[in-house]
Amino acid sequence: MLRENEPVTSPTARSSALFDRALAVTPGGVNSPVRAFNAVGGTPRFMESAAGAWLRDVDGNEYVDLICSWGPMLVGHAHPEVQAAVAQAVSRGTSYGTPTVPEVELAEEIVARTPVDKVRFVSSGTEATMSAIRLARGFTSRDVIVKFAGCYHGHVDSLLASAGSGLATFAVPGTPGVPASSTDLTVVLPYNDTAAVEAAFAEYGDRIACLITEAAPGNMGVVPPAPGFNRFLSTICAANGALFVSDEVMTGFRASRLGQWGLDGALEGWVPDLMTFGKVMGGGFPAAAFGGRADVMSQLSPEGPVYQAGTLSGNPIATTAGLATLRLATDEVYDHITAAGETIKAAAAAALTAAGVPHVIQASGTMFSVFFTDTAVTDFAGAQRTDTAAYRAFFHTMLDHGVYLPPSAFEAWFLSSAHDDRAVQTVLDALPPAARAAARPDSVALKGTR
Ligand SMILES: Cc1ncc(COP(=O)(O)O)c(C=O)c1O
């Protein structure tokens, strides 16, 4: 094992040594599975610091960051204004277990920027969706929930479900540890499939408490809703007395200034009954929220009977970081991220075309991803046709050229307002060799492979 100050023998020696230590004390060596590089092979890089668009690992390698902490870092890492606000907040203490000023201010900011009337803070997106579902069930006095295959809403038992044997039948657990009784009130449908949704409502309409969907799925790669699909969901829920829960944990304040809702609901004139938020609104700290119609939210404890609580909910440091981030998230920020994204998408398409690699690039607002397949992806079955061996070779070549992509073929790429010309140029320079590697996946040897 490498000791401090020992000479480094490979560009990933310190990450490898840390991974060995981590494996000894943590399952898989990581605290969230995708970080382990299992989908792409090789040794995960242990990051030591980040600034603007750049990550720096413990071996001193630098990478342009295209995951942005899986979404939150909209204004870049270590933004001076966010850091100053956090430092000031920390100097006043870190948690009181009482109401505080920043949580009121952040709630006001979210209510001003979205269609929700009221909002309740929690500490993770998982808690937000779990609580929204409990509230929907409490409000409607119904028990069935509907979700889509390929949409991830956190590791909530009832949402870790795979489709049952027929379309409109109850689901089976998607993982050991979830009892059948947790998913046997969940119906899982193919995304973008209006006929499947109609069939489910025809079968269970008077039992459905809510339908939950990612506002624009990003957890199977970016699969935008077909035009009018979210409006259709909102309408069929209303017609059946069910609540429409739009999960904007990933897209909120990210896909656009108003999230995915700014790209459809705001233009088409409909509003979800409940929404969930996370990531950007926490500014890199553990904060998330659910919110919605005043009459639904008033059912929450202590105003109403539906119980929900949290020791660190609305924590003053996390809400201060989120507030500082949202206040920085102006139209210029989204314009900058959009422009940088267009440049990278065009260069990726050109490099992959030149290398003869089948690909489809899909976007929803500022979020996008590259599928290594030749047909547009509209649902989970389509996403699964992506060539994961090609992605693995592409990923590692990008990494070797100083670009940190998501270590899985089924994730969105994220940019920030700190992705300046130098960062974007680094990505553009890496794309042609990565595309050539994707054309010959077997030619790529992985650094630090164990
Ligand atoms: C759409 C969506 N909902 C919920 C979650 C769960 O959030 P968390 O990881 O904070 O529990 C995620 C996480 O990626 C997400 O993308």
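The model is a predicted one, in which local features need pLDDT of at least 70, side-chain atom pairs count only at pLDDT 80 or more, and totals for chains, interfaces and linings use all residues. Residues are numbered from 1 along each chain as its sequence is written, and side-chain values use heavy atoms, with hydrogens and water left out.

Let me begin with the helices. Helix 11, residues 331-354, packs against helix 14, residues 421-439, at an angle of about 20°, and their axes are 8 Å apart. Helices here are DSSP runs of H or I with at least four residues, and strands are runs of E with at least two, numbered from the N terminus. Axes are lines fitted to C-alpha atoms, for helices over the stretch in contact, and angles run from 0 to 180 degrees between N-to-C directions. Helix 11 and helix 14 are therefore roughly parallel, a term for angles under 35 degrees.

Which residues of helix 14 make the contact? They are Val424, Val427, Leu428, Leu431, Pro432 and Ala435, where contact means heavy atoms within 4.5 Å. Helix 11 contributes Ala340, Thr343, Ile344, Ala347, Ala348, Ala351 and Leu352.

I turn now to the cavity. A cavity is a set of points on a 1 Å grid over the protein atoms alone where a 1.4 Å probe fits but cannot get out, and lining residues have an atom within 4 Å of a point. The largest cavity is lined by nine residues, among them Ala215, Trp261 and Trp270. Strand 10, residues 243-248, gives the largest share of that lining, 3 residues.

Terms used. Parallel < 35°, antiparallel > 145°, perpendicular 65-115°, else oblique. 1 Å grid on protein atoms, 1.4 Å probe; cavity = no way out; pocket = protein on both sides within 12 Å on 5 of 7 lines; lining within 4 Å.
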